Amino acid sequence: MNERRALGFGLSAVLLWSTVATAFKLTLAEFTPIQMLTVASIVSALALTLICAVQGKLNTLVTTLTANPGYYLLLGIINPLAYYIILFKAYDLLPASQAQAINYSWAITLTLMAAVFLGQAIRKQDWVACGLSYLGVIVIATKGNVLALDFDSPLGVGLALLSTLLWAGYWILNTKNKADPVVGVLLGFLVAIPFALGLTWWEGASFATISLQGWLAVSYVGLFEMGVTFVLWLSALKSTHNTARISNLIFASPFISLILLATIIGEAIHPSTLIGLVLIIAGLVIQQVKWKKKAQWAQD
């Protein structure tokens with residue numbers, strides 16, 4: 001029963017994450033990236049506060065923060081503040097299909113950063129995975145014109161790649177975090193919101209012209225990109241005895257996302273985006289495979 005429950009949580013998380021690229025584009029039609037970050041962060045913080053209250057964890061918020069305030073300040077500035085401003089700006093400059101595919105290479109970035117900052121060894125298959133995934137990024141960014149290296153939006157591609165550095169850096173810093181993960185994520189939002197409000201005031205963009213559809217879209221992003229889906233994914237991983245099977249569900253997300261982008265907002269999916277995404281996913285799969293030694297094969 002636990003495995004069926006874990007699969008349900010995992011599939012729910014993957015399906016919800018598959019919709020966020022479409023929600024990003026719908027939201028960015030009316031909000032600036034900073035406005036979008038601010039409102040979505042508030043929605044997410046409210047949702048996570050409710051979840052923590054239901055789970056009886058609210059009483060640990062203050063003690064967790066005061067135990068290491070500098071650490072949580074740094075985490076909150078990296079994610080959600082810097083990460084999402086940069087990611088949303090990348091989505092603003094690029095087709096959503098390109099931005100989400102490039103951002104998907106963050107797991108490869110994590111491998112390289114873990115080697116630098118945590119001293120983890122890089123295996124031969126990791127180098128192959130890196131090569132394939134970053135080739136996929138170039139194919140997507142150049143729309144298949146790899147040799148010319150002709151980018152439609154160099155800034156958009158650069159921001160999408162920078163977002164992978166921030167996300168990977170956030171998870172490397174989280175290796176030292178002993179707090180409950182939901183509490184830790186909520187603290188990040190609570191720390192980031194005052195900065196986001198300050199940036200919104202500095203930017204001076206108006207909320208007066210935002211339609212009901214815009215408010216619904218940004219609320220959806222806050223709930224299902226930043227908040228509830230994270231809890232669903234954690235619940236799936238906690239409920240299963242087969243973490244690899246649940247983790248592999250995530251590979252379906254970008255392909256479902258492309259279908260939704262094409263059908264809901266009518267975005268044209270360039271063939272090179274699909275080819276590049278397949279290269280990135282192939283790199284991630286190679287990275288996860290546990291290669292058996294030849295001796296083990298000989299014994300079979």
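The legends below describe close-up views of a predicted model. In this predicted model, local features need pLDDT of at least 70 and side-chain atom pairs count only at pLDDT 80 or more, while totals for chains, interfaces and linings use all residues. Residues are numbered from 1 along each chain as its sequence is written, and side-chain values use heavy atoms, with hydrogens and water left out.

**View 1. Helix α13 and what covers it.** Helix α13 runs over residues 271–288. Helices are DSSP runs of H or I with at least four residues, numbered from the N terminus. The 18 residues of α13 reach 26 Å from first to last C-alpha, close to the 26 Å expected at 1.5 Å a residue; the expected span is 1.5 Å times one less than the number of residues. Its buried residues are S272, T273, G276, L277, L279, I280, I281, G283, L284 and Q287. Buried means under 20% relative accessible area, exposed over 50%, and partly exposed in between (1.4 Å probe, protein chains only). The cover over these buried residues includes α5 (96–103), α6 (106–117), α7 (124–141) and α12 (253–264).

View 2. Leaving out residues up to four places away in sequence, S272 touches V139, I140, K143 and G144; contact means heavy atoms within 4.5 Å. The side chains of S272 and H270 make a polar contact at 2.7 Å. A polar contact is a pair of N or O atoms within 3.5 Å; within protein, one must be able to donate a hydrogen and the other to accept it, and residues adjacent in sequence count only if both atoms are side-chain atoms.

**View 3. The salt bridge between K57 and D180.** Side chains of opposite charge can pair when their charged atoms come close. A search of the whole structure gives 3 salt bridges, each a side-chain nitrogen of Lys or Arg within 4 Å of a carboxyl oxygen of Asp or Glu. In this view K57 and D180 are joined at 2.9 Å, N to O. K57 is in the loop between α2 (33–54) and α3 (61–67), and D180 is in the loop between α8 (154–174) and α9 (181–203), so the pair ties together parts that are 123 residues apart in sequence. K57 counts as buried at 17% relative accessibility, whereas D180 is partly exposed at 25%.

View 4. The 25 residues of α4 should span 36 Å at 1.5 Å a residue, and the end C-alpha atoms are 35 Å apart, which agrees.

**View 5. The salt bridge between R123 and D126.** The side chains of R123 and D126 meet at 2.9 Å, N to O. R123 is partly exposed, with a relative accessible area of 37%, whereas D126 is buried at 3%.

**View 6. Cysteines C52 and C130.** The structure holds 0 disulfides, a disulfide being a pair of cysteine sulfur atoms within 2.5 Å. C52 is buried at 0% relative accessible area, and C130 is buried at 6%.

Notes:
Helices (H or I, at least four residues) and strands (E, at least two) are DSSP runs, numbered from the N terminus.
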